[in-house]
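Hello,

Here is the structure I promised to pass on. Please have a look at it first, and then read my notes below.

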Amino acid sequence: MPTRYPEILLKKHNSGKSDWWEVVQPVRVRCSLNDYGRFMIPAGYVSDFASVPQLFFWLIPPHGRTANACVVHDYLYEHKPVKATRREVDLFWRELLKQCNVPAWQVWIMYGYVRAFGWVNWKN
């Protein structure tokens, strides 16, 4: 059964990993980080939401309110927008987290973590 977050319909991915989710329907995202002002996340795209070590789930849940923003962020890291830097993508993600009503202290912890360690995934 699919799980509905506010704007992205997701289902458990059949990879056997408990934290991987698959986009069920294409999602259009408004974004100034490319020439078109928007991009599409296709059905079938797979995300683990926020890549939070299980030890810290009590502090930063890997899904819930953060889910939409994290799926978008994962997609942007994998399909780098033509004219955006990693910093710009991270700032866009931070704004999405705020729009999803993630508490400000969690936004800053997540943003700080991604700024410190996100370069590893950005380079891959």
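Val114 is buried, with a relative accessible area of 13% (buried means under 20%, exposed over 50% and partly exposed in between, with a 1.4 Å probe and protein chains only). This valine is found in helix α3 (helices are DSSP runs of H or I with at least four residues, strands are E runs of at least two, and both are numbered from the N terminus). Beyond its neighbours within four places in sequence, Val114 is in contact with His73, Tyr77, Arg86, Asp90, Trp93 and Trp119 (contact means heavy atoms within 4.5 Å). Val114 and Arg94 are 20 residues apart in sequence, and their C-alpha atoms are 10.0 Å apart in space.

A word on the background: this is a predicted model, in which local features need pLDDT of at least 70 and side-chain atom pairs count only at pLDDT 80 or more, while totals for chains, interfaces and linings use all residues. Residues are numbered from 1 along each chain as its sequence is written, and side-chain values use heavy atoms, with hydrogens and water left out.

Now to the helices. The axes of α2 and α3 come within 10 Å and cross at roughly 165° (axes are lines fitted to C-alpha atoms, for helices over the stretch in contact, and angles run from 0 to 180 degrees between N-to-C directions). α2 and α3 are therefore roughly antiparallel to each other (angles over 145 degrees count as roughly antiparallel, under 35 as roughly parallel, 65 to 115 as roughly perpendicular and the rest as oblique). Val114 is one of the α3 residues that make this contact, and the α2 side includes Asp90, Trp93 and Arg94.

α1 and α2 pack at an angle of about 170°, with their axes 9 Å apart. That makes α1 roughly antiparallel to α2 as well. Among the residues in the contact are Val72, His73 and Tyr77 of α1, together with Phe92 and Trp93 of α2.

Which residues touch the most other members of the largest nonpolar core? In this core of 34 residues, they are Val23, Phe39, Ile41, Val72 and Phe92 (a nonpolar core is a set of buried Ala, Val, Leu, Ile, Met, Phe, Trp, Tyr and Cys residues joined through side-chain atoms within 4.5 Å). Two or more residues come from each of β3 (21–23), β4 (27–30), β5 (38–41), α1 (67–78), α2 (86–99) and α3 (104–117). α1 gives the most, with eight residues. Ile41, leaving aside neighbours within four places in sequence, is in contact with residues including Val23, Val29, Val72 and Tyr75.

Phe49 itself has a positive phi of about 60° although it is not a glycine. Phe49 is found in the loop between β6 and α1 and is buried, at 1% relative accessible area. Asn101 also has a positive phi, near 65°. Asn101 lies in the loop between α2 and α3 and is exposed, with a relative accessible area of 57%.

Best wishes
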